[in-house]
Amino acid sequence: MSKETNKEMNPVEPYLRMDRMPHIWCSGCGIGIVVNCFVRALQKSKVDINKLAVVSGIGCTGRIAGYFKVDSFHTTHGRPIPFATGLKTARPDMNVWVFSGEGDLVSIGGNHFIHAARRNADLKVICVNNFTYAMTGGQVGPTAPLHSIATTAPYGTYDQPFNLPFLAESSGAVYVARWTTFHVRQLVKSMQEIKNKPGFSFLEVIAPCPTIYQRRNRLGDGLAGMRYYKERSKVVNGADTRNVDIKLGGDIIVGKFIDRDRPTQLEAMDQELSHKLGDKYVPYPTGVER
Amino acid sequence: MERRIGMEASIAMAEAVGLCDADVVSAYPITPQTHIVEHLSELVANGELDANFVPVESEHSAMSVCCGSSAAGARTYTATSSQGLALMHEILFIAPALRLPIVMAVANRSLSGPISIWNDHSDIMAERDIGWIQVFVENAQEAIDLTIWSFRIAEDKRVSLPTIVNFDGFILSHMIEPVLMPDREQVQDFLPPFEPLQRLDIDNPVSMGPVGIPDVYTEAKYVQHKLLTDAYGPIVETFGELEKHFGRKYRPVETYRADDADVLLLTMGALGETAMTAVDERRKRGQKVGLIKLRLFRPFPYKDLLNAIGDKPVLGVMDRAVSFGGPVGPVASEVKAALFSARKHPLVPEFIVGLGGRDTSIADFHSIFDDLFEAAERDTTPDPRFVGLRE
Ligand code: SF4
C-alpha cells in the first residue's frame, strides 16, 4: 500500500497548502470539487508537480492558485491567460493550468481568452462557471442566463449570455468540454486528457454557488444544485456547440464537444520560420514531455 | 424637506446620484465600491431613476462608456476602486481633455500586490495627474453633499471637467451613519439641468478626440492645466452655493482647533474624524495640537494651505500611500512643494499610516503628536515613519 492510504488524511492534502486551510469557500460551493478532481487527475496521470504551474485570476475561483502546493500565481482580475502565456513561453517544459471563474476569464479577461485560443497557446484553461460575480456579491456576469436575478439586474438580466463552449470552439480551442460538478469522473477524465493535449484546451465546469447565485434565484442550497445537475444534465458528446447554451431552468448539455489538432502557437512559429529561414532558424525548445 | 435617516455611506451616495437625475451609469463590480452601483441599478430597475445602467465587462469599458455618454450630452456617473481605477487609467486622461464632466466615486483601496481589498489611498495617488477635480470626504453626509456638488462643479460651463469624490473604502463606504438626505426639489434648486459645453450632435457636428500634432499639443495641455487651476474660483463659489442651499460649509482646506495650535497635523479623508477625537484628547491634557484637513486635492489649494499653516513651526503630514523610492509620502511631497515658495516654512515630519487596511487608532495619533512635539523641541525633522510597522 502506498503511504497515502494508510495515513489518516484526505488524499488531496499533499497537493494543498494545508497552512492556508480552512479555505474561504462556502459549504455547498462547487469550487472545492474542481480542486478535488484536479488532484485526482494529477494522481492518476502521475504528473510531476514540479513541472506544473497553476495560474488564477480574481474571484472565488481565483483562490485556487493560493491553495495548491505547486508553483502558482494569483494574478490580477482577468489576466491569468496572458500571464500563463508568458510562463509557458519562457518554460515550454511546464504544464500550465489556468483556473478561474467566468467573470474573470470571459468578461474582464475576455479578449485574452479569445486570442489565446486563436493562437492555440499551449494552456489548459478550466473555467468554473457559476453565473455571477460571486466574490463581489452577485453582480450580473457574462454567462448569467437570461432572466436570472443579480444585484445589478434586480428584475432579471436581459443581456444575452455567452455560450462558452461555442465561444471557445469558434475562437480556435482544440479541446472543448463541459461538465458539472456532479460529473466528477468525467471531469477527472477530461483533465487527464487535456493534460497531454498540446494547444488551447478549454473545460467549462458548471458549479453551484448556493450563497450568491442560487440564493438570489431561489435555486436552493448546494445539494439542490447538485440534484439539478444530476436530473437535468444531458450527456451529448460531440454536440454542436451552437446548441449548448444554458437557459434558466433548462437542461444542461454536457460532454466532450471538440477534440481536434492543430499546431500550437510555438509549433506554428517554428514551422513558419523554419520554412522561411531554413537552417538559419533555431527552433524554439520543444515543449512538455507528454 | 430633508429627512434624517440612518444609511450606509455607499447607499447614501447612490441616493444622492439618484436625486441628481443621472442619465447614464456604467460600472464593473469591484470591492468596496459595489454597493453604490448595486443600489443605483436598483433605483433604475424600480423606475425611481430614469437612467440607463450599463453593466460592462471591465472598468476600462466602464470609463469608455462614460466618455461616450457624456460626449452625447448625458449626465454620467460611475464608481470604482483600486485595480478598477488603475484599469481605467488610460481613459481617465481622455475625459478632462475632452471636457467631459463625468462624476465618479472612488472608494479608496490599496493596490496589488500583495492582493489587498482593504482601504488606503494607493489607488488615487497613482492617478494624481489625470486632470480631474478631486475631493476627499470624511463621512456619509459629506459623501452626499459633495456628490451633488460634484455634478454642479463638473458641469459648470467655466469648468466642464470630470470630478472624483474620494471616500475611504470600508471604513467609510460600509459605515451606517445618520445623515440628512435632501429631497429632489432641493437638489434641483441647486443643480441646474445639464447643458454641455458641446456635444456630439448630428445637426451640429463636432469632432472629439482628434490627433494633436506637435503644433497644438502644448497649447492643448496648457489650456487643460489652466482650466483645472482656474476651477478653484468656481469651486469656492459653488461651495458657497452649497452652503446656501443645504446649510453645510465646505472649504478647499479645513481646520480644526488649528488657530492657537503649537503643532499641526494634516490628514485627508475619513481619518480626519479620528484625528479630531485625538486632538480633543490631547487638548484636554493641555497640549495645543491642531488639525488641517485637505478637502480639495485637485486643483491643489496652495494659498489656502499656506494660510492654514501660518507660522506654525511643525506640520506633520499623514500619507496613506507610498511613493516608492521617491518622496515617500505623496501628499507630504505636495505639501512641501507648496511650502517651498513660502519665506518661512515649518518642519514637515511624514507619517505613513493605514496601508492596506491597517487600523489607525487614537493611540497612533498620540504617538504622532509625540513625534511632532519632539521635532519642535529639537528643531529637526525626523525621517519618515511607517506608523505601527512590525519589525
Ligand atoms: S460565494 Fe459562491 S462561488 Fe464564492 S465561495 Fe461561496 S458558494 Fe462558492
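Predicted model: local features only at pLDDT ≥ 70, side-chain atom pairs only at ≥ 80, totals over all residues.
Residues are numbered from 1 along each chain as its sequence is written, while chains are lettered from A and ligands numbered from 1 in the order in which they are written.

The contact between them takes 26 residues from domain 1 of chain B and 19 residues from domain 2 of chain B. Two residues are in contact if their C-beta atoms, placed from the backbone, lie within 7 Å. On the side of domain 1 that touches domain 2, the elements giving two or more residues are helix 6 (122-125), strand 6 (133-136), strand 7 (163-168), helix 9 (214-230) and helix 10 (232-246) of chain B. Helices (H or I, at least four residues) and strands (E, at least two) are DSSP runs, numbered from the N terminus. Strand 6 of chain B gives the largest share of that side, four residues. By class, this side of domain 1 holds twelve nonpolar, ten polar and four charged residues. Ala, Val, Leu, Ile, Met, Phe, Trp, Tyr, Cys and Pro count as nonpolar, Asp, Glu, Lys and Arg as charged, and the others, Gly among them, as polar.

The largest nonpolar core has 123 residues. Such a core is a set of buried Ala, Val, Leu, Ile, Met, Phe, Trp, Tyr and Cys residues joined through C-beta atoms within 7 Å. A residue is buried if 20 or more other C-beta atoms lie within 10 Å of its own, exposed if 12 or fewer, and partly exposed in between, with C-beta atoms placed from the backbone. Those with the most contacts inside the core are B:Ala12, B:Met13, B:Leu40, B:Ala143, B:Ile148 and B:Leu264. Helix 7 (residues 140-155) of chain B supplies the largest share, nine residues. Domain 1 and domain 2 of chain B both give residues to this core, so it lies between them. Leaving aside neighbours within four places in sequence, B:Met13 is in contact with B:Ile36, B:Ala105, B:Ala143, B:Ile144 and B:Thr147. Another core, of 76 residues, lies apart from the one above; A:Val55, A:Tyr67, A:Met135 and A:Tyr229 are among its members.

A:Met135 also belongs to the residues that surround the ligand. Helix 9 (residues 210-216) of chain A gives the most, three residues. The shell has ten nonpolar, two polar and no charged residues.

Elsewhere in chain A, helix 4 (residues 80-90) has A:Pro80, A:Ile81, A:Phe83, A:Ala84, A:Thr85 and A:Lys88 buried. Their cover includes strand 1 (52-56), helix 5 (102-108) and helix 6 (110-119) of chain A.

Between the chains, 16 residues of chain B are in contact with 17 residues of chain A. Helix 2 (residues 34-45) of chain B provides the largest share of the chain B side, six residues. That side divides into seven nonpolar, six polar and three charged residues.

Chain B also has an open sheet of six strands, in the order 9-11-10-13-14-15, with mixed pairing. Two strands pair if DSSP finds at least two bridges between them. Strand 9 (253-256) and strand 15 (385-386) of chain B stand at the edges, each with a single partner strand, so one side of each is left without a neighbour in the sheet. Strand 14 (residues 350-352) and strand 15 of chain B pair in the parallel sense over two bridges. B:Phe351 stands opposite B:Arg385 in strand 15.

A cis peptide bond joins B:Gly113 and B:Pro114, with omega about -5°. B:Pro114 sits in the loop between strand 5 (103-108) and helix 6 of chain B. The bond from B:Arg298 to B:Pro299 is cis, with omega near -5°. B:Ser82, in helix 4 (residues 82-92) of chain B, has a positive phi near 45°. B:Ser82 counts as buried, with 32 C-beta neighbours inside 10 Å.

Definitions and conventions:
Domains from an automatic or database assignment. Near = placed C-beta within 6 Å.
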